[in-house]
Amino acid sequence: MLEDFWANAIFSVTPTIVVGLIFWFAMRAIIRADRAERKAYTDIEAEEVARAQKLSADPHE
């Protein structure tokens, strides 16, 4: 009887844990992709600002 209890307990909790892990991996991937995209956008923006400042600099200085 005790073996049945523990088997049922494990089989009851396992799907919840598996779904939780899948959700965690998915959210982790989304957050990392967003972080990488924001960094790339910031780098591109900094390059564009530097280029614009270089083009607008006074050539007679």
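**Exercise 1.** Which residue's side chain meets that of aspartate 34 in a salt bridge, and what is the N to O distance?

*Solution.* Begin with the basis of the values: this is a predicted model, in which local features need pLDDT of at least 70 and side-chain atom pairs count only at pLDDT 80 or more, while totals for chains, interfaces and linings use all residues. Residues are numbered from 1 along each chain as its sequence is written, and side-chain values use heavy atoms, with hydrogens and water left out.

Next, apply the criterion, which asks for a side-chain nitrogen of Lys or Arg within 4 Å of a carboxyl oxygen of Asp or Glu. The partner that meets aspartate 34 is arginine 38, at 2.9 Å, N to O.

Then place the pair: aspartate 34 and arginine 38 stand 4 residues apart in helix H1 (residues 2-56), and are therefore separated by about one helical turn; helices here are DSSP runs of H or I with at least four residues, numbered from the N terminus.

Finally, consider accessibility, where buried means under 20% relative accessible area, exposed over 50%, and partly exposed in between (1.4 Å probe, protein chains only). Aspartate 34, at 35%, is partly exposed, and arginine 38, at 56%, is exposed.

**Exercise 2.** How many aromatic pairs does the structure hold? Classify each by its ring geometry.

*Solution.* The structure holds 2 aromatic pairs. Phenylalanine 5 and tryptophan 6 form an edge-to-face pair, with 5.2 Å centre to centre and 75 degrees between the planes. The rings of tryptophan 24 and phenylalanine 25 have centres 4.9 Å apart and planes at 65 degrees, so this pair is also edge-to-face. The rule pairs rings of Phe, Tyr and Trp (its six-membered ring) whose centres lie within 6.5 Å, and planes under 30 degrees apart count as stacked, over 60 as edge-to-face and the rest as tilted.

Notes. Helices (H or I, at least four residues) and strands (E, at least two) are DSSP runs, numbered from the N terminus.
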